[in-house]
Each structure stands twice: as structure tokens, then as C-alpha cells.
Amino acid sequence: IKSKLPHIGTSVFSVMSKMAAQYNAINLSQGFPNFPVAPELIENYQQVIKGDYNQYMPMPGAPRLLTEIGQKVEKHYGRKVNPETEILVTAGATQAIFTAIQAVIHPGDEAIVLDPSYDCYAPTVELAGGKPIHINMEPDFSVDWNKVEDAISKDTKLLIVNNPHNPGGTVFSEKDIQAIEQIMERHPHLYLLSDEVYEFIHFEEKHISINSRKAIRERAFITSSFGKTFHVTGWKIGYLVAPKALMDEVKKIHQYIVFSVNSTSQQTLANYLPQADLSDLGSFYQKKRDFFRELMKNSRFELLDCQGTYFQVARYSEISDKSDVDFATELTQKHGVAVIPVSGFNKDKHDDHLIRFCFAKDEDTIIKATEKLCKI
Ligand code: PMP
Ligand code: GLN
């Protein structure tokens, strides 16, 4: 078979999680929580599974879940969305991103990707026949918006942003959002894909959703993931918000990728959403971040700032001059802690001697992992 993605191998998340299992290492690599989810969510699931939710949901999503998502978007961001025409429930944010990109990108179109970037963006653009244009973020993971604007050509159709940012842990400031607005205003042929899967996981900095920005949301696809919000990454349920004209095109593609997504999980989330307190999630993860950082004080790792997501980036230059891939391999195989090399998020593979830890873990795991890391 002739490969459509000849330059792409297996995702770094799969590679590192597999290595963690093989070497019996504590897995701080792939991002997933290892603590129990809310008991109410499980109880809701048990009720739903006993009920009659075993057949296809309507193509765009469970009607009550669409309504609940609409209310959530209105409550948090003051945006009134029509659940029937402007929301789509997807198989994780991954499928929302894939489908939105398929809808906008035609062969020859360009999409701007800010590196380090989440692994699915660029290959998805290529699968649509488009060309990803990679712009490197600054060393502190801030964005030089002039560089972004300079990269826009007549063929550029899409700007992809991720806020809060994985792996950088940065959160866009008001200035960043204004810069995006100005770019969108100056380039009327441009659409925006705003990946906001960590929308509720932010700390000292406030997260500004594109949902709250009237000027650009009419040309934006915004995605979120219940996997991150309710600690259920394995359920693979996310959603996309976009204005009707954009969503009509997305739905044409969605119906041939999955048609509709898992009924029982959707119905459970519909029942659970009204009782869930989303405002707590930031402080829940802030405590984990602070706990992890405190215990790492005695290590030789230099921890970068972390304002959002459940990832902490660290520089290891004081410990080793190996490449980040070799260092991550050594950490996993010799020291018993699996991590992600940050160069895996860079198209040019540039290596700033940074690794990413996932701190979405119970206290015991954080203690055991940091004990090992402090001995290195
Ligand atoms: N975008 C980012 C930035 C992510 O970190 C993730 C999850 N790792 C996703 C998208 C995909 O989310 P989901 O698991 O819901 O497909
Ligand atoms: N989003 C998760 C991470 O960044 C991994 C998701 C996946 O394994 N595809 O680690």
C-alpha cells in the first residue's frame, strides 16, 4: 500500500506508554488521570446502561447533551448557541479536529500550526491535501504573532491554536486574543480552529475562550473534551462548536466518519452535566501542580512556568546533555519514570532539552515518581 503519511510513525504517546508498561515505570508520559472519577458519574452510567440507550443517537449528538453543552457555553462564555445547528458531539476532540480540518482544507490550502503542537493537527491537514505551515513558539511557549501574520499567504485557510497549551502549559493573555482578532480581521479568508480541551484547567491566569469573542467566533471551530473535564479520557467524547454555515459542512463529513458517537456515554454526560461543578477543576489541578512542583524542588530539573493543562515541562540540562528522546528513554528504562520528549511536538524536531510530565495523578504516584526523579 502506498502510504499517505510516509513520514509519520506511531504517536509518541503510544510509544512512551508502551515503554512504561514494558519497563514497569511510573507513567507520567501520555496524558490521562489515574484516580477514580466522580461516583455520581459512575452511578449515572449504571442507570443509563440499564435503560434503553443501546441504539444510534441522532447524528449530531444526544439531544439533551446538545442542550446541556449549549447551556454550558452560554453560562461560561455568554454565547448563545443553537444546539441543533451549532454543536456536534464527536468521538473525542481528536475527531472534532479531524472533521473540522477536513471541512475547511482543500488540496493546496495552507494551515498554520504553532509548534510545539499537538500531534494530530499537521497530519490531519496533510490528509485533507493541505500544507501545514509550522511556526515555532518562543522558548517560553509564548507566540510572536508577527511571525504568524508573516506566514499567512493567499492560500492560508486556517489558523490552529491550542489554549491552554499542551505541552507548554501556557494560557493566552488578553493581548494574545486581541492579536488573533486582529489577524482574523486583516485576513477575511481565514478560519480559526481553537482547541480548548483544557478550558477548565487553568491556574493563576484566566482562560479566555474564543466562544466569548463575538468578532471571531463566527469564523471559528472551537473544540472541547469531556475526557479532560471529567477525567474520562477513555470515553472519547468531545464536541465542536461552530456557526451553522460551517457546521453544515462539518456534519456532511461527520456522518461518514462515525455517523454518531457512543449512545450510553452521551446520555450519561447529559444526565451528569447539570450537577457537575466545573469551576472546581482549576483548583483541583492547581493543588496537584503545586504538590508536584514542591516535591521536585530537591531535584536537578528546572521546572518551567505552568498556567494550565495537567502537564509540567522541565529542562534537564543540569543532569544530561543527551537528546530529549534519549533522555526520556533513559528515564523510563533506568530510572522508572516515563515522560514525553518535547521535540516530539516539533515539526523540525528541534530539541531544547525539555521533557513533559503529566501530573494528573494520585498523591501516591506523585510521591513515588518525584522520589525517583530527585535521586537523578
Ligand atoms: N487536543 C489536545 C491539546 C489534547 O491534549 C488532546 C488530548 N490529549 C486532544 C486534543 C484530544 O482529545 P480527546 O482525547 O478528547 O480526543
Ligand atoms: N492528549 C494526551 C497527551 O497529550 C494523549 C492522547 C493520546 O494518547 N492520543 O498526552
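Ala, Val, Leu, Ile, Met, Phe, Trp, Tyr, Cys and Pro count here as nonpolar, Asp, Glu, Lys and Arg as charged, and the others, Gly among them, as polar. The model is predicted: local features need pLDDT of at least 70, side-chain atom pairs count only at pLDDT 80 or more, and totals for chains, interfaces and linings use all residues. Residues are numbered from 1 along each chain as its sequence is written, while chains are lettered from A and ligands numbered from 1 in the order in which they are written.

**Figure 1. The shell around ligand 1.** Ligand 1 is surrounded by 13 residues (a residue is near a molecule if its C-beta atom, placed from the backbone, lies within 6 Å of it). The closest are Gly92, Ala93, Thr94, Tyr118 and Ser225. Helix H5 (residues 92-104) supplies the largest share, three residues. Helices (H or I, at least four residues) and strands (E, at least two) are DSSP runs, numbered from the N terminus. By class, the shell has three nonpolar, nine polar and one charged residues.

**Figure 2. The shell around ligand 2.** Ser11, Phe13, Gln30, Gly31 and Asn166 surround ligand 2. One is nonpolar and four are polar, with no charged residues.

**Figure 3. Helix H2 and its buried side.** Leu41, Tyr45 and Val48 are buried in H2 (20 or more other C-beta atoms within 10 Å of the residue's own; exposed means 12 or fewer, partly exposed in between; C-beta atoms are placed from the backbone). They cover an arc of only 65 degrees around the axis, so they sit on the same side of H2. The arc is that of the directions from the helix axis to the C-beta atoms. The face turned away from the buried side of H2 carries the exposed Pro39, Glu40, Gln46 and Lys50. Helix H12 (263-272) is included in what covers the buried residues of H2 (contact means C-beta atoms, placed from the backbone, within 7 Å).

Figure 4. H13 (residues 281-295) has 15 residues and should span 21 Å at 1.5 Å a residue; its end C-alpha atoms are 22 Å apart, which agrees. The expected span is 1.5 Å times one less than the number of residues. Buried in H13 are Leu281, Gly282, Tyr285, Lys288, Arg289 and Phe292. Seen down the axis of H13, these fall within an arc of 130 degrees, so they line one face of the helix. They pack against helix H10 (226-229), strand E10 (311-315) and helix H15 (363-374). Exposed Ser283, Lys287 and Glu294 lie on the face of H13 turned away from its buried side.

Methods: Two residues are in contact if their C-beta atoms, placed from the backbone, lie within 7 Å.
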